[in-house]
Amino acid sequence: MAETIVGIDLGTTNSAIGVVDSGFPILLANEDGRRVIPSAVAYGRDGELRVGEAARRLRALQPDRVVTSVKRLMGRRPGEVDDYPLPLGDDLSVLGRSPEEVSAEILRELRRIAEWRLGHAVEKAVITVPAYFHEAQRAATKRAGELAGLEVVRILNEPTAAALAYGLDRLDERSRVAVYDFGGGTFDLSVLELAEGVFQVLATRGDTALGGDDIDRALAAWCLARDGGAGIDPGDPRVLEEAERVKRVLSAEESATFRVPFYDGSRSFEREVRRADLERLAAPVIERTIRCCRQAMSDAGVAPAELDAVVLVGGSTRIPAVRVAVAACFGREPDVSQHPDEAVALGAAIQAGVMSGAMSRLVLLDVTPLSLGVETFGGLMNVLIPRNSTIPCKAGEMFTNAADGQRGMRIRVLQGEREMARDNWELGKFEVGFEPAPKGKARVGVQFRIDENGMLEVLARDTATGRDSVLEIREVAVAVDDEAVEAMVSESVEHAFEDMAERVFTEAKLKAEELLPAVAAVLEEGGGGVAADEREEIEAAVDAVEAALAAGEANRLKSAVQVLDQATEGVAARMVERAMEQALARKLEG
């Protein structure tokens, strides 16, 4: 009998748990028959802890004691989160609990449901996260699982999980699909290829701070921006819950009434809202998702016409305006065959079944969304793992010392798409020591390894001693929000020519600074038997390099360095030959 591994969708708004039973993935329902529970935790004034629907019901009476949308806080740092409905501590704690502790309560409830349904203990889980969750957010999710008493055997990207659910009955087909995953707090678009049971992610784009919650806030603010609404806080949890209710109604009806009863103890507020009003307010949010779609398609090198389906998942895809925008972007009607709230959990259950051995026909190949590398001499970004590389993966490169007598090397780990190190994000750094050696003689091997959960490990090895230094990028958050991730890639395209010019100039300058002193020493000593015409050619080439350096022109400097390198080839060859002859003579004399 295969061991039990459950699949969990830990969502911003709702969560669910599933398992493979008798070869089929199923979601497990609670005592009320609900397969999906609200991601809500209530720390009541009576001291009682409530999770799920019971917590959500308490929100109307004790809005300041009910935590929702905690996923938006996971793995973030102070200053990165705004518009949260409850007061936050300096460490982003809410009601005195860390985001991981709150999330652990949701996971404990899901685990309880599974154990009640299955009749035995559950200890291992696959948990899903948005594809654009960075290292700290993934690590926080894993810690939440551990706090709930679960061994998290895999962190799985949500759109990839949805694609697994979509492709389960299409294992013998070859197809390309885009998964548009628009939930309460996050958005992802992934392009995947399915061929004979192998799921390969071609590209992914997204925003972990973009979701239906943003539409709720915009709707609440608009409804209250009129006479009678001035005394009501649009960020009040009860107001936001009413905005969410109205949004849901308008997904099926043409109009709805936004109500805030007895907001000051005696007065109530009402406003009629039409679907057209909601669509106008939601348009900027929806357009941000469409930009991600276009970028992901470009990254994958796939045209919309080459897709076999565009699969919608996530509760926010119920909004008619979302479906219209997706259809316009991809030139086809979206596939709505998957349950918006259940597809991700079902995919997580499938992956869990593969890992436990309960299912065996699937292979999942995910990708890393941003390039990873190190800073090299001259402030350059040296990419070891390009963006959209299939994971798990590893890559390495050998580096050497840049100066005589150097005793160590700083390994600075970077993430981003720009040519210069300063324009990318630092994920971490550490020092690697080695014995002093002449320039270019010390050797340090650097290896990046990304595991199946998207966690990065950096290993640096001094080849002389075999001593290893290891850095695990698990706790370090990128100190920017997810809009800046999108901006990073856009800027890399916008500044591509000037970035490349600066890289070319820097590389040529480093070569020139190495070549010029060596040439000067040869000319001064007259070594190698430099002829007059040869000296004249070399001196002219030296002048050209120095002029190009002063002018700061990349291509001119690169060409001048190449000319100088060629002009000194003959001298260098004769010097090497003479040194070998002298060494041989000394050996014979000895």
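**Notes on salt bridges and cores**

1. In this predicted model, the count of salt bridges comes to 40.

2. Arginine 45 pairs with aspartate 64, and their closest N and O atoms are 2.8 Å apart. The two residues are 19 apart in the chain: arginine 45 sits in the loop between β5 (40-43) and β6 (49-51), and aspartate 64 in the loop between α1 (53-58) and β7 (66-68). Arginine 45 counts as exposed because its relative accessibility is 55%, while aspartate 64, at 38%, is partly exposed.

3. Arginine 274 and aspartate 277 also form a salt bridge, at 3.1 Å from N to O. Here aspartate 277 is buried, with a relative accessible area of 5%, whereas arginine 274 is partly exposed at 49%.

4. Glutamate 502 meets arginine 422 in a salt bridge of 2.8 Å, N to O. This pair spans 80 residues, linking helix α11 (residues 496-525) to the loop between β21 (406-415) and β22 (425-437). Glutamate 502 is partly exposed at 28%; arginine 422 is exposed at 55%. Elsewhere, shared partners join Arg56, Glu241, Glu244 and Arg248 into one network of salt bridges.

5. Turning to the nonpolar packing, the largest core has 46 residues, and Tyr180, Leu189, Phe258 and Phe330 touch the most other members. Helix α7 (residues 275-300) is the top contributor to this core, with 11 residues. Domain 1 (5-210 + 282-367) and domain 2 (212-281) each supply at least three residues to the core.

6. Leucine 189 has contacts that include Tyr180, Cys293, Ala296 and Phe330. A second, separate core holds 37 residues, among them Ile37, Tyr84, Val122 and Val129.

Conventions: Residues are numbered from 1 along each chain as its sequence is written. This is a predicted model: local features need pLDDT of at least 70, side-chain atom pairs count only at pLDDT 80 or more; totals for chains, interfaces and linings use all residues. Side-chain values use heavy atoms; hydrogens and water are left out. A nonpolar core is a set of buried Ala, Val, Leu, Ile, Met, Phe, Trp, Tyr and Cys residues joined through side-chain atoms within 4.5 Å. Buried means under 20% relative accessible area, exposed over 50%, partly exposed in between (1.4 Å probe, protein chains only). Helices (H or I, at least four residues) and strands (E, at least two) are DSSP runs, numbered from the N terminus. Domain bounds come from an automatic or database domain assignment. Contact means heavy atoms within 4.5 Å. A salt bridge is a side-chain nitrogen of Lys or Arg within 4 Å of a carboxyl oxygen of Asp or Glu. Lists of a residue's contacts leave out its neighbours within four places in sequence.
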